[in-house]
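Come along and follow each entry with the structure beside you.

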Amino acid sequence: MSAPEQAARETIDRLLTQAGWIVCDADQAHITAHRGVAIREFPLKSGHGEADYLLYVDGKAAGVIEAKKEGVTLTGVETQSAKYTQGLPDGLPAWRKPLPFAYQSTGVETRFTNGLDPQPRSRPVFAFHRPDTLAALIDVAWAEQREARDKVAEATPTYVNKSRGQTSSLSPGSSPVTGDGIEFRPHTSTFLSRLQHMPPLETHGLWPAQITAIQNLEQSLKENRPRALIQMATGSGKTFTAISFIYRLIKFAGARRVLFLVDRGNLGDQTLKEFQQYASPYNNFKFTEEYIVQRLSSNTLDTTARVCICTIQRLYSMLKGRELPEDLEEESIDKLGSLFKQPEPIEYNPNIPIESFDIIVTDECHRSIYNLWAQVLEYFDAYLIGLTATPGKQTFGFFHQNLVMEYNHEMAVADGVNVNYDVYRIRTAITEQGSKVEAGYSVQIQERDTRKKRWEQLDDDFSYDPNQLDRDVVAPDQIRKIVQTFRDRLFTEIFPGREWVPKTLIFAKDDAHAENIVEIVREEFGKGNDFAQKITYRTTGVSPKVLINEFRTSPMPRIAVTVDMIATGTDIKAVEIVLFMRAVKSRSFFEQMKGRGVRIMKADDLQSVTPDAKAKDHFVIVDAVGVCEQDKTDSRPMEQKPTVSFEKLLQAVAFGNTEDDVLTSLAGRLARMEHRISTDDDKKIRAASGGLGLKDLAHRIVQSLNPDAIDEDMTQLSLPAGESGAGVNRHPRESGDPEQQRNEARARILQDAVKPLHDPALRQLLIDLKAKSEITIDHVSPDEVLFAGFSEEALARAKGMVQSFEQFIKDHKDEITALQLLYSLPARHRVTQAGKRLQFEHIKELADAIEKPPYLWNESQLWNAYAALEKSKVKGASGKRILTDLVSLVRFAIHQDNELIPFPERVNANFKAWLATQGRHSRLSEPAPAKAGGGNPDPFTPDQMKWLEMIRDHIAANLGIEPDDFNYAPFIQQGGLGKVHQLFGDRLSAIIEDLNETLAA
């Protein structure tokens, strides 16, 4: 046997042992000594050669392994291993013939074929399955074969649908179908087999896109496609879709355990709540009432759980056998993962077998498939299902171009699953040009870490550009001008007619920037602490989780300022404004941030947090930095190490990164810090690091990268006992191969050098001290607003809506009663020449028609669109809209009116004109005294006027009034029909008719 093949077999032996197999030669075999026994070089019957390994499970042959040297391609070996499965000598015990399981392996690469699957096909696996796993597959297969034989023996077998308790009897020769159409499954010992017999999807409660996604995914799984990608717009129900198909895969396909991966701890908590709220459409049980769902917050996997929710960084730490520092569970994994050019490889962990999960669902998968994290997903022998709203090229590639659902934001808006958005642009001089403070003026200097401030007079001019804003320089008036403009335009242009500030999410550059924004927002709006809150990783006192929940479900706070904690995934449906005060270069990250506003919300739920909101029909992006106008890329962030923050470098080392680029960058920054810290700071570092200063930490790292250190280490290991280095034992896993010994020595030296930095307390101390620099506060430069208004894109969208609405009127003027009547009404009349009246039911029919897809319009959106395009002709843009405003909109659209005036205002103007026509004879009780100075006397008493004004308001909202209406609010509270008869007597009918005709004209 050649040395390469022998090396491969040594690796295979080790992997088998780690997976729980007893490995032995044929002459040492004891097939019942252990549940799983792997016998080397087992001779088969004549013509079938010799199996490199024959696998026994519970005393019977179950499979074979064909071993090849490293580098051999394995798909061509499948025929050879298949031949071995058929060559077991006669008389030897076997679970079935041919043997059900076949592996091909080089020790580095392994493939597995499960002969119990329909149309068995080999697949790559990270290592070997445990004997228990193969035994379970065999047990199920045998049990079902026995059940199938028993059923065939019965004349009229009965099949039970356990989920519904229904039964069905079959006569011989009939199709094996249960009472509710679910087929009997005679050969379903594997997950893939059971997938072929899934019952029809219960579609009640699912949106069409969700139905399509689930059905397409299940078809992909039936076809045994190992990876699938679901692209659904943010807010279109990705998580609910995932829980729906997970429930079906557990209940009907027998998935043993499903892993739901998220990339942040708060998203894991949110996902758990959605599992807890999910009600089965098959039996109305909550998901967590039927199955155990574990939110993994430690390194212990609950083997009884059917669903495990976990962050990918925690799972990585578990596979590496490390505890995860709590602070790293909330970090952005896309930035951290990209630091690893060649990630520290994951090796087989016996505590977490590769078969731990049948299905892995990875949420926001566009962030979790790169470098460090990809190997976590590929460790398990499981189907991979990715969920994302913003896939990139690499996302499609990772999931083998198997896009089972594509549902973008535009489709979701058309279906009423998302709301659309407008962009309101605020441009200021300092934001775009920076500023200059002339010599002689004083500026304020603030220490970043302590936030202490002092004043300094400038000896020279101090200039700064926009890129320095809120990093090196703070210009309070720049933040103030943006906030003031937002405040002043909020209720007149952005959300006209509102009194409550819509739930607003502001994106800041960093924690200090967020702090400044919160302070100025509270001041400019004249509100208290509960009005605006900062929600970042540095929020203390109340946990960010609590603050997010309050922002989601309570009236306060109205405004949340964050950096990136709520940028992705976090579900806050009530958000109606997303205000960008930071730039974003990544297209996918921008789409995720923008997605915080797209979610629809029931009107009642929205009003519980924003009382004066009628409905969520759109949201507004307030762009204060030009983020919507900037070019963006799909490239991964932080590909060049010089742009990587000190904090991210420390986090990478905490995760085990020992690449030269990362360590060299880190050592350099530690060395630079050494010259800037105080004696007290040095003492703090030494206390936290076990006596090491910054110079020591940097020197250890640099020394560990020196090849001579590796040679010295290997020399020390090779010395005999009694000499220098005695007592140093070779690492238990270190082989005799010199190259491998060198690699292991290098890894050991590097890990020892950075070991102090694995302590989260030391890392945080270094981060805090690194921030010990100063920022200049420019109180001198006044900012000015260059432009504030809706963007060209928003105006184009408004123009498109107006044109579509006017075309809709033309296309449907002969079909919709309201349009028929408004077209045929003589000017300023409510009754057509044929005697037909425009009634509220007609306007309601029109409103229902335009609210349906593909239009999805309402009177507020249409009014705002006209206001954006023809501001001088549109009145009352800041007021609340009511349904009868559609009368004004249609009249303006068909050019019956030259101005767009709210319908209640038109009614009130007509009411005043009608009053002017009423003479002295209209007073019903007593003569009215003449007004001082002459003129007409008041025609009605105060009580009569009160009722006439109530009638006016009723007509404004309902297009008319009938006698029966007086038996309802608000009239009934004032005496109802009896009271109005008492006040107006016999002239009531004439007055009602007159007002109906005149006011709604």
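**Entry 1: a helix pair.** I looked up how α22 passes α26 in this predicted model, and the crossing is left-handed. Helix α22 covers residues 679-689 and helix α26 covers residues 760-770. Their axes come within 9 Å and cross at roughly 165 degrees. Angles over 145 degrees count as roughly antiparallel, so α22 is roughly antiparallel to α26.

**Entry 2: who touches whom?** Next I listed the residues that make this contact. From α22 I noted D681, K684, I685, A688 and S689. From α26 I noted L762, L765, L766 and L769. Sorted by class, the contact has 6 nonpolar, 1 polar and 2 charged residues.

**Entry 3: aromatic pairs.** I searched the whole structure and found 36 aromatic pairs. One of them is F191 with Y383: the ring centres lie 5.9 Å apart and the planes meet at 55 degrees, so I wrote down "tilted". F191 sits in helix α4 (residues 191-195) and Y383 in strand β15 (residues 383-388), so this pair ties together parts 192 residues apart in sequence. Are these two buried or exposed? F191 is buried at 9% relative accessibility, and Y383 is buried at 12%.

**Entry 4: another pair.** I then turned to Y855 and W857, whose ring centres are 5.0 Å apart with planes at 40 degrees, so this pair is tilted too. Y855 counts as partly exposed at 29% relative accessibility, while W857 is buried, with a relative accessible area of 7%.

**Entry 5: a cluster.** Last, I noted one aromatic cluster whose members include F240, Y247, F252 and Y291.

Technical notes
Residues numbered from 1 in each chain as written. Predicted model: local features only at pLDDT ≥ 70, side-chain atom pairs only at ≥ 80, totals over all residues. Heavy atoms only, no water. Axes fitted to C-alpha atoms, helices over the stretch in contact; angles between N-to-C directions. Helix = DSSP H or I, 4+ residues; strand = E, 2+ residues; numbered from the N terminus. Parallel < 35°, antiparallel > 145°, perpendicular 65-115°, else oblique. Left-handed = near helix turned anticlockwise from the far one by under 90°. Contact = heavy atoms within 4.5 Å. Nonpolar A, V, L, I, M, F, W, Y, C, P; charged D, E, K, R; others polar. Phe/Tyr/Trp six-rings, centres within 6.5 Å; stacked < 30°, edge-to-face > 60°. Buried < 20%, exposed > 50% of the residue type's maximum accessible area, 1.4 Å probe, protein only.
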